[in-house]
Structure formats: structure tokens, C-alpha cells
Amino acid sequence: MKDRIDFRLLGALLRKNRREKTSDFRKGHFNAVGFVMRLMLTGALIAVFVIFFGKFLDMYTGIKTDNALAPQERLYELLSIVYGAILIALVLSGVSKINTSLFASDDMRVIAALPIGANTLYLSKIILIYLSQLAVACVTVLPTNITVAVHCEVTAAFYPLTVLTCLLLPLISVALSSILALPFHAVTAALKERFVVNFIVITLLTAALLFLYAYLLEVVKELLLGDQMRYFFNEKVMDAIEKTAAYIYPANLIADILLGRRLLVSSLSIVGILVVCTLVSFFAIRGLLMGSLQSKISGRSDFVRRPKGHARANSPFVAMLKKEFLLIFRTPSYMFSYFAVAVVVPLLVYFCMSVGSSLALKLIAVDSNLELAIFLTLLFGTLGNMFCSTNISREGLLFYSLKAMPLDYRHVVFSKVALCMVVTAVSQMLSAVLLAATGYVSAANAAFLFAIGVLFGFTQVCVATRVDFNHPHFSTEAGGEIQESGNTSSSVIVSGILLAFALGGALLLTKMYFSLRGLADAYAYLTYVISACFAVVSAAGAVAFLLVGLKDKYYRFGGGGAR
Amino acid sequence: MAENNMPVAENVVTVNGLWKKYSKRADYAVQDVSFKVNAGEIVGILGHNGAGKSTTLKCLEGMLPFDKGNISICGYDIVAEPVKAKANMGFVTDDHAVFVKMTGIEYIDFMSDVYKVPQAIRQTRVDQLEKVFCLGDSIQNLISSYSHGMRQKICMMGSLIHSPKLWILDEPMTGLDPRTMRAVQDYMKYYASIGNAILFSSHALNTVAKICDRVVLIRKGKRVDELVMSEFADRADFDFEEYFLSNEGQD
């Protein structure tokens, strides 16, 4: 029988998704703080982008090649590269979204058993991915094009064509992502139960991205400090940009259309690319989808595990610690947001230190490496410790099973705190060693930095665990993953950042104040006294916060929203 | 070891005047429920959906706090001495909640650690349970790859690894194949025959009628009746299903 698209069922599937997406609003579980924070962050990023991109646009379109101005040519190059970057980002996120929604989504287990054709199912999933990509395209393309319209001469057709670009970019990205989803799925399926390899791959990828980021920061720093901006775009660089723009398909075709160049050829080329990609991706993904549906129903794993005997007997506390480690290590999203982040945090600290140290020396003429190191350690440590705000919620309904086991409440709670502390200590130690090895701080200061970092980490872990204990949010699915626990995660990260800025800012200001008066050496001890007092007092407060009433709360525990 | 913890006790479980109310509900989920389970007995809790069976069992297991009443397991009060009370029981929840990121063998080791089962006897215990539950090589796989029935089996194995004096099962037959269902029933009878107590809830009336010594009937959170099954064993006119359904209808 031919598998026709059933538009009535398609509508039902889309409505089901809309209801799921808006269920938090209806149930009153809406994370208002997180939403406002995300909105503010996006708004701030767009504002920064618009300001800098506008200035850059003025400078770039004024560059002469062969002693002649060619603003339209420069605009074409710039738009091609910007759309190219947006397209790459959309394709990468599209690949991830296709894999998640087609192969990892739990609703497929139910949908697979319903009388819904594969074409209808595929189309419903692709439409949803397209809509989310459309939102990203609007947030990135609109500020870019509006800035261009304000700073450069554009035709009247530029505005409607901007809307077309917003619609077209996600369409192309979904088509390309569908093709790339095949090899990506093969790789992730192969790595699925190879947890160690998974960890290494994810950590290396994150570290590589960080190195790229650090390189860009270094370039920006050189440009800012050396006033070399106008000399950067020399003949050689301009030639490379020109060549890149000429080959960055299909982004350059969109730039062509927007600027009214080679309209017919560019439009036909885009239509051709779309048709080919759609056809290839449709057949490729449909084939994959059928396999996915079958494996969802059977629920079997192809991975063959090496038989193992019984492990050495452990105390209940160690058993809990081991269980906690396995839960995080074997859940890719947890592993990334905790272990991989904890490993790359020292790199972040180091990269920012390398930029911040010389910038501080240049701008305020004060050697404030230790103060800056404390600030960065606390700031990025918060990023890793944010994961602890799901210490209880992560357990889900199994928390009730733990309650039924002969475990002291301290074993249950402290095992979670202990694992977090091991990870925090390793991460802080790597940061301190890296900064000492690269000469930013002395060995003694590195030891002090480590102690302060661990104490603040301990404070955050204790507070995050208790807040989550008081207000847990369990997944309604067995083994369901939790990315954030309501407002707890947002609150923990906001308070961590505020704490880092409060202490780091206080230390830097104190240092500056005494340096300007030539008393930096005499009052150097203040950095140690202030941070040590701050760290010890906050750690003591956090322990009290964690422990007071914990036993009674554990017995009375009945939260989570799922039972 | 759990089996050595028991003080002088004929009654393995004593539930006395149990009241439980959920915070967002106006009425009590469990109202003044009392019953006992003796060593060597299999006791079934029967009732319609939402009658309060699972809530009673969860209070008994220490999962949920309760408002009034006393619960003691092997002489240990579940509130005053929770760790000692829980060390004497093994439980299987109705949702077969289990750590899916562990392999079967890792889960068994985890439960053995938590219940302090000596290393020397772990393999013997697993071999004994394996004969009943037949997980085979799947015990080496991640539990996330298990079917519904296999998860149920690993839950049961984990709950028995320390040979508890009290075995609590909430809807134990759900999802099991007929062969395993029979094996579990036989094992329940054997387990009770060696001096342990079993308390379980079920909707499978045939199973309840076949293996239970006593049945506690719960309706709308209240204990409405208690049957000693041996009293009806020789009565040809007694139909357990009819009895249950007619009792359900009384309001």
C-alpha cells in the first residue's frame, strides 16, 4: 500500500507537540527566572553584535582594493561569510535535533505503535525542526540585515528578500542536516554504550572548540592592544576573503539575491540544491526512521558487553558513590554538562587568564594575577557546579526506592555531595596547576587558589543540593533525563556569578586602590585574608544550610511532582 | 546480615491504625488500616485501582511519610529505627523502578552492597535466583536495554539478594511471561515455607487465591475485610472472584 501523507494525522501530531511544549505554562511549572535570564542574555548578545557589526561594517566597506572603493563587493563578501556561519550553525544544530527527535525521543515508542505512516511521521518531525530553526534564523539574520540596511545603501527589495532569507536558510539547513544525520547517527549509535570513548571524544571536541575560541580571543586582544585593525585587512587577507566568499555555497547565492546580483542563476541554483538535498534526505532518513521505529519497539541493544564477575564488596556509602558516578558517566548529556565541562573549565580559566592578565597590566598597570585568577576560578567553577542543582531531581522516582533501602539519609545526600566535591577538586587542581605551570601564579599562590576554589565549590554544592532537595523536579519518564531543576539551576548559577563578581571585584578594586598609592606590597596580605574569610564563612554557612532539618525533611520527603 | 537482625518476633509486620493523606488531596488515601503478617505467611492486599494498596505498601517500605499510626518490621519501628527495619525487607515497586544505567550484574552488586551481603555468598545467591528468573547472559547488559518483564525480574532478584525476612511486592505479576509467573508463584510459596513473610498487592485474583494464606481487602483507603484462605479451601460454593466483585460494589 502506498504510504500517503495524512494531513489530518499530521495536524494531530503537530498539535500534540504544541501541547507538550506549552504544558509547563499550563501546569504552572514554568521556569520564569530561567526564561527571563535567557531572554536578557539573547537581547544583550544581539545588542553587542549590532553595535560591533555596525562599526565593523563601516570600516570593512571602506576598505580599498586596487586603490578603489567597492562597497557592494565588500558587502557581498561579508554577507556570504555571515550567512555561511549561520548556515553551518543551523546545520550542526539541525543534525543534533533530527537525531534527537527521530531516534532518541521517547514519544516514538508510543507513536511507533499507532497507525501513522512513516511519511506523515517524518514530515511532522521535520516541520517541528524547521520551525525551531526558523526561530534561530530570525534571531540571527534579522539583526544582521537590519544593521546592513542602517549602515549601507540597499534597494527596496532587500527588505522582503530578508524575510525570504529567514525562511530559506532553515529550509536549506534542514535538507543538509537530514543528509548529514545519517553518518552522525551511525557514529553516535556506535559510541552509544562505549562510555569511555564517548567521554574522550566529547572532551576533545569541547577542548578543540575552546582552543579555537582562545585563538580568536588572542587575535582580538592583539588587534585591541596593538591598534592593528586597519592593517589587518591587507592585500593577502582580502584576497583570501574574496576567494572564500566565491566558494561558500549556498550562502553566497543568498547574498547574491539579497544584493540583486546574478538573480536568475542564483535563484535557480538554490532551487536545484534544495530539490536534490530534499530528495536525498527524504529517502535516507525514511530508511533510518523505519530502523529506529523497529528498535524502539523491540528496545534491544546491539552492544555486546564483556562478561564481568561480581565487583569487590563495598560499603553502602561507596556503593552510592559508584552508582552516582555510573548514572552521570553513562548519560551523555549529564556526562557533558558535568565531567566534560569540569575537564575544560581549567582551559577556560587559563585562556581568559592569558587575555585578562596582559589586558589588566596594560589598562590599569597593576599586576593583579592572583586576584584575577580567583575571580576566574570562581566564575568558571560555577559553570561546573551548576550541575549539582539536579543532584536530587536527577534520581527521579528512584529517590523513593533509595528511601526504602536501609540507607542512612546522610549516605544518600552526602554521597552526592562527595562525588561533586571529587569532580570540583580535580577541576580546581587542574586550574591551579595550569596557572602555576604557565607562570601566572606562584606555586604557593596556586595552592591557595586551589583551597579557595574547593571551599567555594563546596559552598555551591551544599547549597545547590539542599535547594534541589527542598524543591525537586522529577522526570515523569523512567530513567528520564533532567537538564535543570526548575528555578534551582538558574538561581545557583546567578548566585555563583554574583559571588564571583563580588569577591573578584572586591579583590581587584582593593589591589588597584593600594597599587595607585604605592602600597601594593604592604597590603598584599589583604587578598589572602579577604578571600580566606569569605570562603570559610560561606562554606560554614552552606554546611549549616544543608544539614539543618535534613533528617526530618528526608523522612517527610514526598515531592518531585511525579508521585 | 539481614536475616540475623530479627529480634523475637512472630509478627514480621505489624501495621497499627495507619492514616495517610497526600498534601494536595482533601481526603485520606489510607484510613485507620491495621493488619499483621506472620513469619511463614503469604498475605495479599486486594482492592480496586486507587483503593490505597500501593500507598499502604509505600508507607510500609518507608518511601512515604504517614500521618498517624505505627508500622513495625521484625520488631523495628519504621520511623524510629528505619535502617534496621528496612534491612529486614526486600521490595519490588509497581513501576519496577531500577537504575537503568547499570548492567544487571552491577545492579545486583549495588543491592548487595547496600544490604551488606558478604562477597563470599553473592555468587551462590545469584545462581539460586537465576534458576528462578532466568535472565541468562542479559545480566551483563545495561538495564536500559531490558524489556518490561526483564526489568521486573532484575528488580525481584535485587530485592531477594539479601534473603529478607519480609518480601514486599507491588503488582509483581505484571509484565511477566506465564513460565516466569509460575516460577515466581512457586518461589513465593517456597520462600514463605522457609520461615519468611510475603506481603503483596495484585489484581490477579487467581494468583491471590492460589498462593495466599490470608487476604486483606481495602476499599477507599479502609480495611473492609480479611479472609483466611484455608477456611474456603474446601467450600465448593465459594467463588473468590465473585466474592471480590460483590465486595467492590458495596458502598
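These are my notebook entries on a predicted model with chains A and B.

**Entry 1: chain A overall**

I began with the secondary structure of chain A and found 21 helices and two strands. I then looked up burial: of the 563 residues in chain A, 34% are buried. Next I looked at how far apart in sequence the contacting residues of chain A lie. Taking contacts between residues at least 6 apart, I noted that 83% join residues at least 24 apart.

**Entry 2: domains of chain A**

I looked up the domain division. Domain 1 of chain A covers 7-12 + 69-298, and domain 2 of chain A covers 316-477 + 484-556. Where these two meet, domain 1 gives 13 residues and domain 2 gives 16 residues. I sorted the domain 1 side by class and got eight nonpolar, three polar and two charged residues.

**Entry 3: chain A against chain B**

I turned to the contact between the chains. Chain A puts in 34 residues and chain B puts in 35 residues. I asked which elements of chain A give two or more residues to that side. They are helix 13 (316-329), helix 16 (398-404) and helix 21 (550-556). By class, the chain A side has 16 nonpolar, eight polar and 10 charged residues.

**Entry 4: strand pairing in chain B**

I followed strand 4 (residues 68-73) of chain B to its partners. Strand 1 (residues 11-20) of chain B runs antiparallel to strand 4, and five bridges join the two. Within this pairing I noted Thr14(B) opposite Ser72(B). Strand 4 of chain B is also antiparallel to strand 5 (residues 76-77) of chain B, here with two bridges. One bridge partner I recorded for Ile73(B) is Tyr76(B) in strand 5. I then checked the hairpin of strands 4 and 5 of chain B, where two residues lie between the strands. Cys74(B) in this hairpin has a positive phi near 50 degrees.

**Entry 5: Trp19(B)**

I stayed with strand 1 of chain B, where Trp19(B) is placed. Why does Trp19(B) count as partly exposed? I found 16 C-beta neighbours inside 10 Å of Trp19(B), whereas a buried residue needs 20 or more and an exposed one has 12 or fewer; Trp19(B) therefore counts as partly exposed.

I listed the contacts of Trp19(B), leaving out residues up to four places away in sequence. They are Tyr28(B), Val30(B), Gln31(B), Asp32(B), Phe66(B), Asp67(B), Lys68(B) and Gly69(B). I also looked up Ser34(B), which is 15 residues from Trp19(B) in sequence. The C-alpha atoms of Trp19(B) and Ser34(B) are 9.7 Å apart.

Conventions:
Residues numbered from 1 in each chain as written. Chains lettered and ligands numbered in written order. Predicted model: local features only at pLDDT ≥ 70, side-chain atom pairs only at ≥ 80, totals over all residues. Contact = placed C-beta atoms within 7 Å. Helix = DSSP H or I, 4+ residues; strand = E, 2+ residues; numbered from the N terminus. Nonpolar A, V, L, I, M, F, W, Y, C, P; charged D, E, K, R; others polar. Domains from an automatic or database assignment. Pairing = 2+ DSSP bridges.
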